[in-house]
Amino acid sequence: PSQKVSIKRTDAVKKSSDFLAQRGIEVDSFQTVAYISNGPTMSELRYVYQQSGWLGIRQLYGVEKWEPLYYWKTRFIIPEQKNEYKIGISPKGELYVFSHFLEESDSGNTIMQDSAFVLAKSLLRELDMSSVLNWELIEKSSIERPKRVDHTFMWQSLDSIGQAHKRLGVNVLGDEASIQKRFIKRPEEWERQDMKTTPLTIASDVLPILLRAALILLVIMLFGKNVVRKEINFRVFIKVAVIALTFQIIASGNAMATFLRNYNTAIPMQILYITNGSIILVGIIFTAIAAAVSIGAFLGTRFRRKLYEKIPFSETLIISAITILFLGGVIAVLRWLEISLNMPLRNPTIISQDMLDTYFPLLSIPAKLIQTLFVTVPVLFIAYSFLRKKIHSNGKFIAAIAFIAIIMALGAGRSFCEITWIICKNLIILAAGWIAIKALLKDNLPVYIAVICLAVPMQ
């Protein structure tokens with residue numbers, strides 16, 4: 001499933017600010033941050049998928065459904081104060097969520113529960129959620145705060161999804177109504193089973209991590225060996241590091257639009273800038289070093305000389321395009337089977353538009369491309385070269401690759417059925433990749449690189 005977001009960040013912020021201003025709130029006293037937020041949680045998607053498949057997800061989530069798959073959320077915050085507003089704007093540009101958070105000690109008006117109930121119903125009508133009023137009211141509660149009384153009302157849908165129900169809560173803090181939360185209330189037994197730890201779940205968590213760690217260790221060891229043998233061209237090393245560093249800085253700066261997205265307002269702003277800034281800086285430096293080390297390790301493999309092979313550009317482009325279409329077709333057929341037959345999945349795939357979070361969405365692509373070109377491509381060829389050096393027969397080599405594909409599949413599932421389907425899918429893609437290598441790519445390194453780079457914008 002996918003959906004389009006028809007408005008920009010600036011439009012979402014303006015609509016949110018206008019809504020608060022109409023309610024007499026001085027928005028200029030708040031700092032704002034707008035970002036794309038998911039509607040359903042992955043746990044909710046997983047439950048709905050298990051109960052009614054993709055059809056159930058399409059019926060519940062999307063434009064003008066129970067919840068959008070994702071939408072613009074704008075936070076209005078004051079550093080070191082809990083007083084905060086969150087406004088959700090639907091993909092069509094309409095008001096979707098209005099929430100307000102206060103400290104327990106903040107002052108407010110005190111009204112009777114019946115009057116608060118009237119305000120709660122009025123808010124639901126204002127947000128075009130009047131159908132919720134026909135649901136079962138399962139909670140009416142009041143809490144006395146030091147300087148106000150808060151009220152909570154919770155409705156539950158009459159229809160069910162398996163044994164689950166839709167729920168929507170409204171808070172009335174003092175005399176102001178706002179949405180508390182909307183969610184799918186899943187059975188507690190399902191929640192326990194979903195989070196249950198078994199030997200299979202431990203293996204699915206640990207083995208892929210160990211495989212990645214082994215690959216990183218292999219790259220570092222090969223890089224060190226190349227340094228000792230003086231096979232590293234430090235000019236190339238520095239150039240790669242500078243290029244990766246430059247594009248990572250651009251990408252990080254482009255993503256600063258959502259810097260305050262997860263800001264805990266209990267923390268002083270200075271500490272946020274120091275901690276988050278340090279994390280971003282370390283990430284930038286680490287990416288640059290990883291790119292340089294990966295290229296340095298790659299230059300010690302047998303593929304190094306193939307970089308200088310002269311293959312006509314037109315031939316490279318045509319072969320790359322054919323390969324992409326072939327592999328894309330195989331993946332599309334698998335995706336069609338997955339959707340048509342509701343194959344067991346741990347995390348149903350939702351096509352999102354995360355790049356909209358940034359100032360300039362297109363600027364996110366070059367950094368991904370550089371990471372692919374300077375990290376993913378070299379590491380893949382290093383792993384390939386290592387296996388080929390240890391395993392000479394094609395049969396054993398394919399078996400080793402299949403074993404790796406199985407280990408990586410463990411990380412994408414927890415139940416036996418989920419893991420089995422992912423393994424089958426990975427093995428089919430592996431077989432298609434092997435056919436492409438033998439029939440189309442034929443060990444031409446520039447074509448390999450072109451295929452992988454062309455695949456990046458398609459992800």
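This is a predicted model: local features need pLDDT of at least 70, side-chain atom pairs count only at pLDDT 80 or more; totals for chains, interfaces and linings use all residues.
Asp128 belongs to the loop that runs between α3 (113-126) and β5 (136-144), and its phi is near 60°, a positive value in a residue other than glycine. Most residues other than glycine have a negative phi. A second residue with a positive phi is Glu80, a residue other than glycine whose phi is near 65°. Glu80 is found in the loop between β2 (70-77) and β3 (84-89), and it counts as exposed because its relative accessibility is 52%, where the cut-off for that class is over 50%.

The protein contains 12 helices and 8 strands, and its C-alpha atoms fill a box of roughly 80 × 50 × 40 Å when the box is taken along the principal axes. Of its 459 residues, 43% count as buried. Among the contacts with a separation of 6 or more, 71% are accounted for by residues 24 or more positions apart. The average pLDDT of the protein is 85, and 91% of the residues score at least 70. Among the elements, strand β6 (residues 149-156) has the highest mean pLDDT, at 96, whereas helix α12 (residues 445-455) has the lowest, at 52.

Strand β6 includes Val149, which counts as buried because its relative accessibility is 14%, and buried means under 20%. Once neighbours within four places in sequence are left aside, Val149 is in contact with Asn109, Thr110, Ser142, Ile143, Glu144, Val172 and Gly174. For a sense of distance across the model, the C-alpha atoms of Val149 and Ala412 are separated by 46 Å, and these two residues are 263 residues apart along the chain.

Two packed helices are described by the angle between their axes and the distance between the axes. For helix α5 (residues 199-228) and helix α10 (residues 394-410), the axes come within 7 Å and cross at roughly 130°, which means that α5 is oblique to α10. The crossing of α5 and α10 is left-handed. On the α5 side, the residues that meet α10 are Ala203, Ser204, Leu207, Pro208, Leu211 and Arg212, and on the α10 side their partners are Ile404, Ile407, Met408 and Leu410. Sorted by class, the contact of α5 with α10 has 8 nonpolar, 1 polar and 1 charged residues.

Ser252 is found in helix α6 (residues 234-254) and is buried, with a relative accessible area of 16%. Not counting residues up to four places away in sequence, Ser252 touches Ile280 and Ile284. Gly329, by contrast, lies in helix α8 (residues 313-340) and counts as partly exposed because its relative accessibility is 30%. The C-alpha atoms of Gly329 and Phe259 are 38 Å apart in space, while the two residues are 70 residues apart in sequence.

Notes
Residues are numbered from 1 along each chain as its sequence is written. Side-chain values use heavy atoms; hydrogens and water are left out. Axes are lines fitted to C-alpha atoms, for helices over the stretch in contact, and angles run from 0 to 180 degrees between N-to-C directions. Helices (H or I, at least four residues) and strands (E, at least two) are DSSP runs, numbered from the N terminus. Angles under 35 degrees count as roughly parallel, over 145 as roughly antiparallel, 65 to 115 as roughly perpendicular and the rest as oblique. A crossing is left-handed if the near helix is turned anticlockwise from the far one by less than a right angle, and right-handed if clockwise. Contact means heavy atoms within 4.5 Å. Ala, Val, Leu, Ile, Met, Phe, Trp, Tyr, Cys and Pro count as nonpolar, Asp, Glu, Lys and Arg as charged, and the others, Gly among them, as polar. Buried means under 20% relative accessible area, exposed over 50%, partly exposed in between (1.4 Å probe, protein chains only). pLDDT is the predictor's confidence in each residue, from 0 to 100.
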